[in-house]
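Let's take a walk around a protein, starting at its surface and ending inside. Have the sequence and the 3D view ready.

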Amino acid sequence: MIAYRIKFEKGDDVKFISHLDVMRYFQRAIKRAGLPIGYSQGFNPHQLMSFASPLTLGTTSEGEYGDFEFKEVLPAREIKDRLNEVMPVGFKVANVVRLKEKTLNSMAAVDAASYTVTFNKGITDEMLKDGLKGYIKQEEILVVKKTKKSCKEVNIREDILTLNDISANGKASLYMLLSAGSRRNLKPESVVESLCNYFNVPYERFMVSYNRVDMYRRNEKDEIVSLDSGVGIDE
C-alpha cells in the first residue's frame with residue numbers, strides 16, 4: 001500500500017457535520033473520483049483511512065488531515081484535483097503528500113493546534129487590549145474538566161503555547177496555539193471559558209466563532225511544524 005496525507009478545509013456549510021459524517025463524505029468522494037483506495041481484510045472490509053484530531057461541532061477549519069492508503073502510486077496533484085472535483089460544498093482539499101515510510105500516522109503525530117477565535121458578544125477588543133497580558137501572566141489558569149465519571153480542576157497554563165490579540169475593525173479576536181493530541185490536549189473552548197471568568201463575563205458556547213488554522217507535530221529538532229511538512233517523499 002502507498003500512504004498519502006491529505007490536508008483539507010471544512011467551511012461554514014459543513015461546520016455542523018460530525019466526524020463520522022466527514023469520514024463518510026471522503027469514502028463516497030474517493031469512490032466517485034475512482035481512486036485506488038486500499039481495503040482492510042475480513043468480513044466487513046473498509047477503506048484504509050484515518051483522521052487526525054476531530055473538530056468540535058460548529059468549528060470551521062483550514063487545516064484538517066487524513067491519512068489514506070492506495071493500492072498504487074499516483075501524483076499527489078492528481079489526487080488533489082480528482083477529489084476536489086467531487087467533494088461536497090464546504091470541503092476543499094488543500095494539499096496532498098505521499099508519505100515517507102514509517103511516518104507516524106496523523107492521529108498519533110499531533111502535538112499542537114492553532115485557532116482563531118472571534119467574539120460575537122461579551123468580550124470586547126478594548127478588554128483584550130487592556131487585560132490579555134494580565135491573563136496570560138498568571139502562573140495558574142484553572143478550569144474544570146469534565147469526564148464521563150467525574151469533574152476535576154486542572155491548570156491549563158502550560159498548554160497555552162501562544163495567545164495573541166488579533167482584534168481588527170472593532171471585532172475582538174484571538175490567535176491561539178494550544179497543546180493537542182493524545183499526549184496533552186487543550187480545547188480552545190476551555191481557554192475562552194477561563195478568559196470569560198477572568199473578565200467576569202458570562203460564558204456561552206455560541207458567543208464565539210472558532211476556526212482551526214492548522215495542526216502540528218514536533219520534528220526531530222523539536223520544532224513545531226505542520227502535519228504535512230517534512231513527511232513527503234517529493235518535498
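Where does Leu-57 lie? Leu-57 sits in the loop between strand E2 (49-51) and strand E3 (60-70); helices (H or I, at least four residues) and strands (E, at least two) are DSSP runs, numbered from the N terminus. Before going on, note that this is a predicted model, where local features need pLDDT of at least 70, side-chain atom pairs count only at pLDDT 80 or more, and totals for chains, interfaces and linings use all residues. Residues are numbered from 1 along each chain as its sequence is written, and side-chain values use heavy atoms, with hydrogens and water left out.

Leu-57 counts as partly exposed because its relative accessibility is 45% (buried means under 20% relative accessible area, exposed over 50%, partly exposed in between, with a 1.4 Å probe and protein chains only). Together with Phe-16 and Phe-206, Leu-57 forms a nonpolar patch on the surface, with about 360 Å² of accessible area together.

Now for the empty spaces. Rolling a probe the size of a water molecule over the atoms shows where empty space is left. On a 1 Å grid over the protein atoms alone, a cavity is a set of points where a 1.4 Å probe fits but cannot get out, while a pocket is an open set with protein on both sides within 12 Å along at least five of seven lines; lining residues have an atom within 4 Å of a point.

The largest pocket has a volume of about 530 Å³. Its lining is made of 20 residues, and Val-143, Val-144, Lys-145, Lys-146 and Ser-190 lie nearest the centre. Strand E6 (142-146), strand E7 (151-155) and helix H5 (188-198) are the elements that each give two or more residues to this lining.

Next comes the second largest pocket, at about 330 Å³. Of its 17 lining residues, Met-1, Ile-2, Ala-3, Leu-99 and Lys-100 are the closest to the centre. Here strand E1 (2-10), E2 and E3 give two or more residues, and E3 has the largest share, with three.

Finally, look inside. E1, helix H1 (19-33) and E3 are the elements that give two or more residues to the cavity lining.

Technical notes: Patch = residues over 30% accessible without salt bridge, like charges linked within 9 Å, V, L, I, M, F, W, Y side chains within 5 Å. Areas by Shrake-Rupley, 256 points an atom, 1.4 Å probe, with all protein chains shown as cover. Salt bridge = Lys/Arg side-chain N within 4 Å of Asp/Glu carboxyl O. Points joined across faces, edges and corners; volume = space filled by probe spheres on them.
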